[in-house]
Amino acid sequence: VQLQASGGGLVQAGGSARLSCVSSERIFSTRGMGWYRQAPGKQRELVARVGSNGVTDYADSVKGRFAISRDNAKKTVYLHMNGLKPEDTGVYYCNLGWVMTEYWGQGTQVTVSS
């Protein structure tokens, strides 16, 4: 399985960005998907996840600001990020599964300037 993430970049505080992750998984629609991030010097943490049935789950730090969605026809999961803060800076990774699996995208850098 291959996961290709894109959409990161430099964003001003308060701004928005959208990340995308395209999967090669043949039965994508039956799998959950998650977005994780890793800030410098910190452990990788779950940001948001979406189940095969559309149920979503968010880290407390992003609730009300981020939204995860999926397009099964395109085998793509999105992370819509609004109200970005400098503490949202990090490398964002997509992962195949409702719980963490061995299948990771390559990571995309998001840098929020104050």
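1. A salt bridge here is a side-chain nitrogen of Lys or Arg within 4 Å of a carboxyl oxygen of Asp or Glu. This is a predicted model, where local features need pLDDT of at least 70, side-chain atom pairs count only at pLDDT 80 or more, and totals for chains, interfaces and linings use all residues. Residues are numbered from 1 along each chain as its sequence is written, and side-chain values use heavy atoms, leaving out hydrogens and water.

2. The salt-bridge count comes to six. One of them pairs Glu-45 with Arg-37, with the closest N and O atoms 2.8 Å apart. Arg-37 is buried at a relative accessible area of 6%, whereas Glu-45 is partly exposed at 36% (buried means under 20% relative accessible area, exposed over 50%, partly exposed in between, with a 1.4 Å probe and protein chains only).

3. Asp-88 and Arg-65 also form a salt bridge, their closest N and O atoms being 2.8 Å apart. This pair links distant parts of the chain, 23 residues apart: Asp-88 lies in the loop between strands S8 (76-81) and S9, and Arg-65 in the loop between S6 (56-58) and S7 (66-71). Strands are DSSP runs (E, at least two residues), numbered from the N terminus. Asp-88 counts as buried because its relative accessibility is 1%. Salt bridges with shared partners join Arg-37, Glu-45, Arg-65 and Asp-88 into one network.

Notes:
Helix = DSSP H or I, 4+ residues; strand = E, 2+ residues; numbered from the N terminus.
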